[in-house]
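I opened a new notebook page for this protein. My plan is to look it up piece by piece and write down what I find.

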Amino acid sequence: LPQVDSANAGRVLASDAAVFLKKSGLTDLVLGKIWDLADTDGKGILNKQEFFVALRLVACAQNGLDVSLNSLNLPVPPPRFTDTSSPLLLSGAASSDLPWAVKPEDKAKYDAIFDSLNPVNGLLSGDKVKPVLLNSKLPVDILGRVWELSDIDRDGMLDRDEFAVAMFLVYCALEKEPVPMSLPAALVPPSKRKPLSVPGAMPLIPSSTSTKESHQSLPPVGILAAKTPLTQ
């Protein structure tokens, strides 16, 4: 709270909160909804209790849960912010202990779809994944983000776990839940979680400085923008 309550008055102004909450990587639309729910009296100021409600809702949104007061009682990991000075930043050590957000019974369903697509050496190319994604009828930009988030090792292919992440995100989007801008720690498959000893192993938000990496990740999105319309 001291980070956003500069005057130490026990309350947070909308302007200060907005700057802080933006570091969560959530869209303005989602953050606006969170603010409306937290600022119960509509004064544009959050007291300590309301601010904690906002933080809980940020955590819910980052973990694919519905942004609503009903979600406040659900168990979620702490919210994550890209400001490294924030004590709320989830450390790699803690994230490796998180249970995977993909439930075993859902994983079994996703595995069956994965196997039906004839993976080669345990991997599916973008061409094989594309029809499944497009079949969801979701907007291409959303599907592009789903691909970006699920191709965790950036090799242009999805393995069994990465495919499960893609399916999980697609089903979230179909339930009208926002696709996160960065992959929540709880969604990273345990097989892909790196120990903390590797600096910058799991950037929360892709850095725009590494142009090489961003170029590598362009083709998959191009895969989705198919020139030929899909026949029903």
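My entries on the predicted model follow.

**Layout.** I began with the helices and strands. The protein has 10 helices and 4 strands. I then read along the sequence and wrote down the pattern β-α-α-β-α-α-α-β-α-α-β-α-α-α.

**Burial and surface.** Next I looked up how much of the protein is buried. Of its 232 residues, 42% are buried.

**Contacts.** Residues 24 or more positions apart account for 60% of them.

**Cysteines.** How many disulfides does the count come to? I got 0 disulfides. Cys60 has a relative accessible area of 0%, so I list it as buried. Cys172 has a relative accessible area of 12%; that is under 20%, so Cys172 is buried too.

**Positive phi.** I then checked backbone angles. Asn121 is not a glycine, yet its phi is positive, about 55°. Where does Asn121 lie? I found it in the loop between α5 (104-116) and β3 (123-125). Is Asn121 buried or exposed? Its relative accessible area is 74%, over the 50% cut-off, so I marked Asn121 as exposed.

My next entry is Lys137. It has a positive phi of about 65° and is not a glycine either. Lys137 sits in the loop between α6 (126-134) and α7 (140-150). Its relative accessibility is 56%, so Lys137 went down as exposed.

How values were computed:
Residues numbered from 1 in each chain as written. Predicted model: local features only at pLDDT ≥ 70, side-chain atom pairs only at ≥ 80, totals over all residues. Heavy atoms only, no water. Helix = DSSP H or I, 4+ residues; strand = E, 2+ residues; numbered from the N terminus. Buried < 20%, exposed > 50% of the residue type's maximum accessible area, 1.4 Å probe, protein only. Contact = heavy atoms within 4.5 Å. Disulfide = S-S within 2.5 Å.
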